[in-house]
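Please look over the model shown here before reading on. A short exchange about it comes after.

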Amino acid sequence: MPGFVILALAIMACAGAFAAPAVLAKEVRLIPQWVPQAQFAGYYMGLKKGSYKKRGIDLTIIAGGPLRQSSEYLASGQAEFATLWLASGIQMRDHAVPVVNIAQMVRRSALMLVAKKSSGIISPQDMNGKKIGLWEPVFQIQPSAFIEKYGLDVTTIRQSYSVNLFLRGGVDVASAMWYNEYHTILNAGLNPDELVTFFFYDHGLNFPEDGIYVLEDTFNQDPDLCKAFVAASIEGWEYAFAHPEETIDLVMANLEDEHIPATRVHQRWMLDRMKDLMHPLSGGGISGALKYDDFARVAYSLKDFGLINSIPEYNAFYRKCYDESHQ
């Protein structure tokens, strides 16, 4: 073997001996607040496409649902990251669970009321004397504020997560999420021109929903991890929106793994609506910013309805984590 080859190999061996050890990826867990439907597709797509891995994050996603509440997993330390509604995050903070919002992913509320035109309901005032279906307390804040704003006299009925009561005429007005139950109503045979929709966003009651949360200690100990996590999540969502068919393939596979029946058409509708809700009306991509006005609107409404005792300080509750340099 020529001498220069031996010398080169020796130099390479020495360099290898003094090379810095590989940095281990940080193992973290994320739990969305519900099953792996298209509402959370961006996180799953980010995981699949390596958005987290390239930022030094070894992510495991825990499927949420009725038996795995994201708020409980976050509070108990069973997950480092969780998605929550803004109202839920503020309530947790008030109840001495030190959560912080590191990205407000959804900018516009998808919660709405739906009525059939045949019921005679065209305007909010037409709801007087009617029956309105409402979900559990966290979903009742906006409709309660809506009822109070317009001075309505209505009968409220506890609504399940099915829209059957509305379809069968058991209530005149139903609660619905734009990306979910509203589409179910359309699939049941009602046309959009047979329905009247009341988006709370359009009535000055925008309560943004899904955001990314961590415990305060997690943020204080490793803010760079939080920033990288948000950047990876935004990248995953933008990829999902840009490649809808590939994304729905993944969503359907995840739902099948969880033994949850679903249709591709419904999941595509959900993905498209999530894009509408995450992207600002003025155009542009996802910012992850929690606007003070949105925070204050939700917090003061929670206090007015007796659901929190005090309003958290905005700068303690929200920690800006999105930075284009992490992309």
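This is a predicted model: local features need pLDDT of at least 70, side-chain atom pairs count only at pLDDT 80 or more; totals for chains, interfaces and linings use all residues.

Author: Residues are numbered from 1 along each chain as its sequence is written, and side-chain values use heavy atoms, with hydrogens and water left out.

Reader: How many disulfides are there?

Author: A disulfide is taken as a pair of cysteine sulfur atoms within 2.5 Å. For C226, the nearest cysteine sulfur is that of C321, 5.2 Å away, and C226 is in no disulfide. C321 is likewise in no disulfide. The count is 0.

Reader: Is C226 buried or exposed?

Author: Buried means under 20% relative accessible area, exposed over 50%, and partly exposed in between (1.4 Å probe, protein chains only). The relative accessibility of C226 is 0%, so C226 is buried.

Reader: In which helix is L225 found?

Author: Helices (H or I, at least four residues) and strands (E, at least two) are DSSP runs, numbered from the N terminus. L225 is buried at 10% relative accessibility. L225 lies within residues 223-242, which form helix 9.

Reader: Which residues does L225 contact, leaving aside its neighbours within four places in sequence?

Author: Contact means heavy atoms within 4.5 Å. With those neighbours left aside, the contacts of L225 are K26, V28, I57 and F81.

Reader: What is the phi of H259?

Author: H259 is in the loop between helix 10 (244-257) and helix 11 (264-278). Most residues other than glycine have a negative phi. H259 is not a glycine, yet its phi is positive, at about 60 degrees.
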